[in-house]
Amino acid sequence: SAVNSSQGGNVSCTSVNPFFTGNFSVTCFAQSLTVSDVSTCIPSCHSLTPASVVIDGVTQSVPPVSVMVSGSEITSLQCDLGTTSMINNSCIGSPCDDPAGDESIYENASIPHMTSWNKTCTIINPKFLGEIVYKCFAGNIQANLSDCGGPCNKTDGSAMEHGEWYMSDCSIVNPLFDGLVNNT
């Protein structure tokens, strides 16, 4: 609204920045507007000011679901001068559904968060060696296949079984070499 010369008024901090609350004073003199004090404008907490929470060693950002006025609390979050923080961090990861659905992995067909189990790599390919390491993390099953090893190919392209070996000409390594090399 208009402010007459030699008069003052209050302006909502939200009208200047939607993430601030409170009011500040303005005065008009000789067609010049003067802002007297904006220290009464207090920052709120919002989606761009999330709380940082560590759950099972993983840092997560938890933003407020709506704008929070400084000094307010919503669920487990509190807002203090534009800084969002957790009041109570009792977060635990969700369990995972047993992929077999028959309680073969865990007795309740629900696998607790952070539980690990192994299966042989032969479920991928009967010729694979090693174990797959599964882990339930926050309702999702993670699979680590890095220990699975498949059969190798011989120089003629045929598959070689684990533990098998054969001799081939050294010229496959370098055309200038003579002799035989043992391939395992």
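Which elements of the protein have the lowest and the highest mean pLDDT? Strand 17 (residues 159-160) has the lowest, 66, and strand 5 (residues 42-43) the highest, 96.

**View 1. Confidence across the predicted model.** This is a predicted model: local features need pLDDT of at least 70, side-chain atom pairs count only at pLDDT 80 or more, and totals for chains, interfaces and linings use all residues. Residues are numbered from 1 along each chain as its sequence is written, and side-chain values use heavy atoms, with hydrogens and water left out. The protein averages a pLDDT (the predictor's confidence in each residue, from 0 to 100) of 82. At least 70 is reached by 85% of the residues. Where pLDDT is low, the predicted coordinates should not be read in detail. Strands are DSSP runs of E, at least two residues, numbered from the N terminus.

**View 2. The largest nonpolar core.** Eight residues build this core: C96, I111, W117, C121, I132, Y134, C136 and C148. Strand 14 supplies the largest share, 3 residues. A second, separate core has 7 residues, among them A51, M68, L77 and C79. A nonpolar core is a set of buried Ala, Val, Leu, Ile, Met, Phe, Trp, Tyr and Cys residues joined through side-chain atoms within 4.5 Å. Buried means under 20% relative accessible area, exposed over 50%, partly exposed in between (1.4 Å probe, protein chains only).

**View 3. The aromatic pair W117 and Y134.** The structure holds 1 aromatic pair. W117 and Y134 are stacked, 5.5 Å centre to centre, with 10° between the planes. Rings of Phe, Tyr and Trp (its six-membered ring) pair if their centres lie within 6.5 Å; planes under 30 degrees apart count as stacked, over 60 as edge-to-face and the rest as tilted. W117 lies in strand 13 (residues 116-120) and Y134 in strand 14 (residues 131-137), so the pair ties together parts 17 residues apart in sequence. Both residues are buried.

**View 4. The loop between strand 18 and strand 19.** F177 sits in this loop, between strand 18 (166-169) and strand 19 (180-183). F177 counts as partly exposed because its relative accessibility is 43%. S171 is in the loop between strand 18 and strand 19 too, and is partly exposed at 33%. The C-alpha atoms of S171 and V181 are separated by 9.1 Å, 10 residues apart along the chain.

View 5. L81 is not a glycine, yet its phi is positive, about 50°. L81 belongs to the loop between strand 9 (77-80) and strand 10 (83-86). At 54% relative accessibility, L81 is exposed. M114 has a positive phi near 75°. M114 is in the loop between strand 12 (110-111) and strand 13.

How values were computed: Helices (H or I, at least four residues) and strands (E, at least two) are DSSP runs, numbered from the N terminus.
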